[in-house]
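Thanks for coming. I'll walk through one structure today, sheet by sheet and then core by core. Here it is on the screen.

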Amino acid sequence: MTYPNGKVALADVNVSIQGGDFVFLVGPSGAGKSTFIRLLIREQVPTAGNVRVAGHDLLRMRRGQVPGLRRRIGIVFQDFRLLPNKTVWENVAFALDVTGSPRAIVRQRVPQLLNLVGLHDHAHHLPTQLSGGEQQRTAIARALVHDPAILIADEPTGNLDPVTSWEIIQLLIQINELGTTVLMATHNQEIVNAMRRRVLALEGGQLVRDEAAAAYEREY
Amino acid sequence: MPFVRFIGFSIIRAWQGFWRNAMMSLAATATVILMLVLLSALLIVITGLNSGLEFIESKVAVTAQLEDGLTDAAVATLTREVEAVPGVASVEYVSPAAAMRRLEESYRETGQELDTGGATIRLFASLEISLDDPDASGTVSAELTDDPRVERVLTKQAEYDTLLGIINVIRTVGLVGIGLVGLTVLFMIINTIRIAVYSRANEIEIMRLVGASDSFIRWPFILEGILCGLVGALVTIVLVAVVWDPIQPAMVTIFQMPTAVSARFLTTLSVLLLAVGLGVGALGSWISVRSYLSAAR
């Protein structure tokens with residue numbers, strides 16, 4: 001993957017992730033983690049090579065098919081990206097509303113997800129009335145509204161204290177156990193070492209390590 | 001049902017967006033009103049002048065004032081000869097007495113009495129010639145000018161040409177003015193919607209990431225632009241309806257001719273104003289949203 005300014009963001013990266021896996025994506029800033037994620041959600045198209053996600057060939061995908069792909073992928077970010085003027089309920093329902101889901105589905109699905117992430121009692125709170133962990137739980141609930149095959153978490157614990165970070169990891173494990181593939185980009189050495197899951201390590205746009213049940217190994 | 005949900009979603013979001021960005025939306029709407037008021041004024045004036053033009057066309061196109069002393073037989077002969085000229089629709093003989101009565105009548109219409117100061121006024125007998133084709137005026141007038149039985153030939157051609165010239169000038173200046181105001185309106189709507197789009201960039205990004213289609217992202221903004229055009233058009237239609245009755249006699253006074261515009265034209269004008277308002281709103285917002293969305297995948 002080469003940017004128009006000539007910078008090579010990813011080169012010779014060959015990765016296959018099976019459905020139901022829990023995979024960590026690690027590497028220093030500028031290693032290519034964000035580009036890797038943007039390729040998966042087709043925010044960018046590779047300049048060479050191919051990307052297949054949930055049975056879709058992203059290189060040949062037409063623009064009109066991209067929304068369908070993104071409903072198969074849930075994504076959460078370090079900065080939560082919640083809408084500040086909407087309540088927890090509305091933030092989650094928003095993802096259904098903007099994809100044309102009937103109100104009956106919204107009324108059924110939103111409480112299910114708020115129960116799953118443990119926010120049923122906070123449904124009518126605004127994001128500013130929530131802790132960081134609760135905001136991230138809201139973002140996870142929103143990412144799951146379409147029952148995606150894959151959940152991508154880009155530094156989901158980056159803004160959280162250690163205790164809250166572990167709560168979020170427990171939630172991601174729970175989601176993974178329900179059958180959703182989880183790919184989590186992180187700098188959190190403690191979590192990676194404790195979890196002993198597959199680790200993909202990127203450096204300078206190259207895949208330098210791909211190990212199952214691995215540790216973080218080095219300081220980034 | 002999905003389409004109904006889509007329409008409902010888009011309308012609600014457009015309405016919320018209009019009021020969230022109220023100052024810019026109202027400014028854009030005000031420029032739409034300005035443009036549509038100018039357009040209405042231009043169309044009303046041009047339509048009025050066109051009806052004045054038709055009135056002139058329908059009036060006597062050529063008047064031949066006759067020499068004194070022509071016998072009835074000579075007048076009848078001349079009348080038949082003129083009727084045979086191509087382009088002539090009809091010929092009417094007006095005696096000096098009838099011409100005098102008309103003069104007195106026209107004075108009375110202005111609230112005055114004809115006062116000759118005791119002198120006797122002798123008016124010419126004349127032939128009033130109506131034409132099938134206003135352009136035949138030159139031919140008919142040329143035929144009669146050299147006829148010894150005719151004292152003088154008067155035509156409405158100069159008056160007609162002057163009015164036509166005025167209408168063309170008003171139409172050209174008006175269309176250029178409206179074109180310039182139209183561009184300003186388009187620019188205002190493009191900017192209003194662009195500001196709305198940028199102020200909701202986070203929301204749009206989330207929509208894209210959770211799998212909203214381009215239509216769900218684009219149409220609320222397009223409808224927001226259409227809303228500016230719709231409100232502008234409705235306000236203008238109310239304004240035009242309010243001033244409709246007072247401006248009719250005012251136009252007759254200004255242009256000194258029957259320039260009345262039929263009430264049916266108000267309906268046509270309203271439909272046109274709605275179409276232009278909605279069209280400009282849709283075009284402006286479409287340009288704005290298209291450039292933003294095509295930049296984002």
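This is a predicted model: local features need pLDDT of at least 70, side-chain atom pairs count only at pLDDT 80 or more; totals for chains, interfaces and linings use all residues.

One definition before we start.

Helix 3 of chain B, residues 72-83, lies across strand 1, strand 2 and strand 3 of chain B. Helix 3 of chain B runs at about 160 degrees to strand 2 of chain B.

What sheet do those strands belong to? In chain B, four strands form an open sheet in the order 2-3-1-4, and the pairing is antiparallel. Strand 2 and strand 4 of chain B stand at the edges. Each has a single partner strand, so one side of each is left without a neighbour in the sheet. Neighbouring strands here are turned by 20 degrees against each other on average, direction ignored.

Look at one pair in detail. Strand 2 and strand 3 of chain B pair in the antiparallel sense over six bridges. One bridge to find on the screen: B:Val88 has B:Leu131, in strand 3 of chain B, as its partner.

Next, helix 5 of chain B. Helix 5 lies across strand 1, strand 2, strand 3 and strand 4 of chain B. Its angle to strand 4 of chain B is about 165 degrees.

Which residues of helix 5 of chain B are buried? They are B:Ser137, B:Val140 and B:Leu144. Why are they on the same side of helix 5 of chain B? Because they cover an arc of only 70 degrees around the axis.

The face away from the buried side carries the exposed residues B:Ala142 and B:Thr145.

Over to chain A. Six strands of chain A form an open sheet in the order 4-5-6-1-7-8. The pairing is mixed. Strand 4 and strand 8 of chain A are the edges, each with a single partner strand, so one side of each is left without a neighbour in the sheet. The twist averages 15 degrees from one strand to the next.

Stay with strand 4 of chain A, residues 73-77. Strand 4 of chain A pairs with strand 5 of chain A, residues 150-154, in the parallel sense over five bridges. Two of the partners in strand 5 of chain A: A:Leu151 for A:Gly74, and A:Ile152 for A:Ile75.

A helix crosses this sheet as well. Helix 1 of chain A, residues 33-40, lies across strand 1, strand 4, strand 5, strand 6 and strand 7 of chain A. Helix 1 of chain A runs at about 150 degrees to strand 5 of chain A.

Now the cores. The largest nonpolar core has 108 residues. Which of them touch the most other members? A:Leu40, A:Val92, A:Ile152 and B:Ile189. Helix 8 of chain B, residues 214-255, gives the most to this core, with twelve residues. Apart from that core lies another, of 16 residues, with B:Val62, B:Ala64, B:Ala125 and B:Leu144 among them.

Next, where the chains meet. The contact takes 15 residues from chain B and 17 residues from chain A. On the side of chain B, helix 1 and helix 7 are the elements that give two or more residues. Helix 7 of chain B has the largest share, five residues. By class, that side of chain B has nine nonpolar, three polar and three charged residues.

B:Phe3 lies in helix 1 of chain B. Is B:Phe3 buried or exposed? Exposed, because B:Phe3 has 8 C-beta neighbours inside 10 Å, and the cut-off for exposed is 12 or fewer. A:Val15 sits in the segment before strand 1 of chain A. With 13 other C-beta atoms within 10 Å, A:Val15 is partly exposed. Beyond four places in sequence, A:Val15 is in contact with A:Leu200, A:Leu207 and A:Asp210.

Notes:
Residues are numbered from 1 along each chain as its sequence is written. Chains are lettered from A and ligands numbered from 1 in the order in which they are written. A residue is buried if 20 or more other C-beta atoms lie within 10 Å of its own, exposed if 12 or fewer, and partly exposed in between; C-beta atoms are placed from the backbone. The arc is that of the directions from the helix axis to the C-beta atoms. Two residues are in contact if their C-beta atoms, placed from the backbone, lie within 7 Å. Ala, Val, Leu, Ile, Met, Phe, Trp, Tyr, Cys and Pro count as nonpolar, Asp, Glu, Lys and Arg as charged, and the others, Gly among them, as polar. Two strands pair if DSSP finds at least two bridges between them. A nonpolar core is a set of buried Ala, Val, Leu, Ile, Met, Phe, Trp, Tyr and Cys residues joined through C-beta atoms within 7 Å. Axes are lines fitted to C-alpha atoms, for helices over the stretch in contact, and angles run from 0 to 180 degrees between N-to-C directions.
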